[in-house]
Amino acid sequence: MLALVKTAAGPGLTLTEVPEPVLGINDVLIRVHKTGICGTDLHIESWDPWAAKTIKPPLIAGHEFVGEIVEVGANVSDFRPGNIVSGEGHVTCGRCRHCMAGRRHLCARTVGLGVGRDGAFAEYVALPMTNIWHHWPGVDEDVAAIFDPFGNAVHTALAFPVLGEDVLVTGAGPIGLMATAVARHAGARFIVVSEPNPVRRALAQQMGATAVVDPRTQDIKDVMAELGMVEGFDVALEMSGNPAAVRGAIDAMAHGGSIAILGIPTEDIAIDVNEIVFKLLTIRGIYGREMYETWYKMTVMLQSGLDIRPAITHRFGFREFEEAFATARSGDSGKVILDWTA
Ligand code: NAD
Ligand code: ZN
């Protein structure tokens, strides 16, 4: 089969023929239809220090996908060839305290699809049946392809109640964009999105932001005043990993507010802990998706009118992966999709 492979330590990915995955008795084999490009894939492609430390070539990259089951292992009885599915990209150990208690998202020994094991940028991918999410008939496959980052957005946006609350979103990358739509769907009052890139600020407005802010030239507090907000934000969703954004969020919170942090910083961030103490803030880290409550919520919200499609801005055939990666890297894009059937 054809796959996008990190063949050796160093920059680049190679589209090349590799053997099809070997199917274990508990696995399903999926013909990949569409994949999303994630920031993680950009790190692996460019071979930054994180990738150099984490990735052991040869490795097929990619973890955001939708496809059709073509074969199931001998132990698998509840999936069938023809099912349209996505996969939870965190393969958990199954034996630790949290896994045994059903809190699999808290497993400390997860192996990442396309990071620690061969991924989905390929014509076929294999995953354990416990990692499979079966979509409903007629699902939009572009949307199904990005259930992984959509799940990050849902996990973060629903970490704290947003009904009637004022929400700050820092960072309007694909995940911040989707989180904006989720917060809107879940009943937030004001959603202010802070993002330096004008293309992404415009997308944030399409996704339901009440107001957008350029953190380089505007003060969030001015926007709060324009909206008539007096006490600060009730909930912040940190989706940038940027130090100034984290500090700005802490500063803009109301007393008793809650901050969910998904963004992954690339450097240490100095914060004034006094603000957390005296404002009685709650800060919660978010990693991955809850298995499978987040997947359930994604499904039912889409079925009840949530529309995340404006966050998908570009589509390419898999042979055009270099252009697709450049588009994702440019930042002047939302989600970029690769079609593996073309
Ligand atoms: P992205 O890099 O496309 O988006 C981040 C956005 O933040 C960019 O648009 C950037 O312009 C913006 N930004 C930069 N400085 C800012 C500032 N000072 N204020 C406001 N915005 C600022 O990333 P993404 O794919 O949307 O992912 C969002 C974040 O979540 C990234 O940090 C990513 O590494 C992280 N992530 C975490 C998990 C997890 O499980 N915790 C999973 C996926 C991604
Ligand atoms: Zn575990």
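Which strands and helices are included in what covers the buried residues of helix 11? Keep that question in mind as you turn the model, which is a predicted one. Helix 11 runs over residues 293-303, and its buried residues are Thr294, Trp295, Met298, Thr299, Met301 and Leu302. The cover over these residues includes strand 6 (84-87) and strand 10, together with helix 4 (141-145), helix 5 (147-157) and helix 6 (174-185). After helix 11 comes glycine 305, with a positive phi near 105 degrees.

Now try helix 9, which covers residues 243-252.

Next, let us visit a few single residues. Asparagine 131 sits in the loop between strand 9 (124-128) and strand 10 (132-134). Is this residue buried or exposed? Asparagine 131 counts as buried because its relative accessibility is 4%, and the cut-off for buried is under 20%. A polar atom of its side chain lies 2.7 Å from the backbone oxygen of glutamate 88. Setting aside residues up to four places away in sequence, asparagine 131 touches Ser86, Gly87, Glu88, His90, Val91 and Tyr292.

One of those partners, valine 91, deserves a look of its own. Valine 91 belongs to strand 7 (residues 90-91), and with a relative accessible area of 12% it is buried too. Its contacts, again without residues up to four places away in sequence, are Arg109, Thr110, Val111, Arg117, Leu127, Pro128 and Asn131.

Glutamate 123 is in another loop, the one between strand 8 (111-112) and strand 9. Its relative accessibility is 18%, so glutamate 123 counts as buried. A polar atom of the glutamate 123 side chain lies 2.7 Å from the backbone nitrogen of leucine 2. Beyond its neighbours within four places in sequence, glutamate 123 is in contact with Met1, Leu2, Ile30, Arg31, Val32 and Trp340.

Let us turn to the empty spaces. Rolling a probe the size of a water molecule over the atoms shows where empty space is left. The second largest pocket has a volume of about 240 Å³. Its lining is made of 17 residues, and Met1, Pro19, Pro21, Ile60 and Asp118 lie nearest the centre. By class, the lining has twelve nonpolar, one polar and four charged residues. Which strand gives the most to this lining? Strand 9 does, with three residues, while strand 4 (59-60) supplies at least two.

Finally, find ligand 1. Around this ligand are 20 residues, of which Glu195, Arg200, Ile264, Ile286 and Gly288 come nearest. An N or O atom in the side chain of arginine 200 is 2.7 Å from an oxygen atom of ligand 1. The backbone takes part as well: a backbone N or O atom of proline 174 lies 3.2 Å from an oxygen atom of the ligand, and for isoleucine 175 the distance from such a backbone atom to an oxygen atom of the ligand is 3.1 Å.

Technical notes:
Residues are numbered from 1 along each chain as its sequence is written. Chains are lettered from A and ligands numbered from 1 in the order in which they are written. This is a predicted model: local features need pLDDT of at least 70, side-chain atom pairs count only at pLDDT 80 or more; totals for chains, interfaces and linings use all residues. Side-chain values use heavy atoms; hydrogens and water are left out. Helices (H or I, at least four residues) and strands (E, at least two) are DSSP runs, numbered from the N terminus. Buried means under 20% relative accessible area, exposed over 50%, partly exposed in between (1.4 Å probe, protein chains only). A polar contact is a pair of N or O atoms within 3.5 Å; within protein, one must be able to donate a hydrogen and the other to accept it, and residues adjacent in sequence count only if both atoms are side-chain atoms. Contact means heavy atoms within 4.5 Å. On a 1 Å grid over the protein atoms alone, a cavity is a set of points where a 1.4 Å probe fits but cannot get out, and a pocket is an open set with protein on both sides within 12 Å along at least five of seven lines; lining residues have an atom within 4 Å of a point. Grid points are joined across faces, edges and corners, and a volume is the space filled by probe spheres set on the points. Ala, Val, Leu, Ile, Met, Phe, Trp, Tyr, Cys and Pro count as nonpolar, Asp, Glu, Lys and Arg as charged, and the others, Gly among them, as polar. A residue is near a molecule or strand if one of its heavy atoms lies within 4 Å of it.
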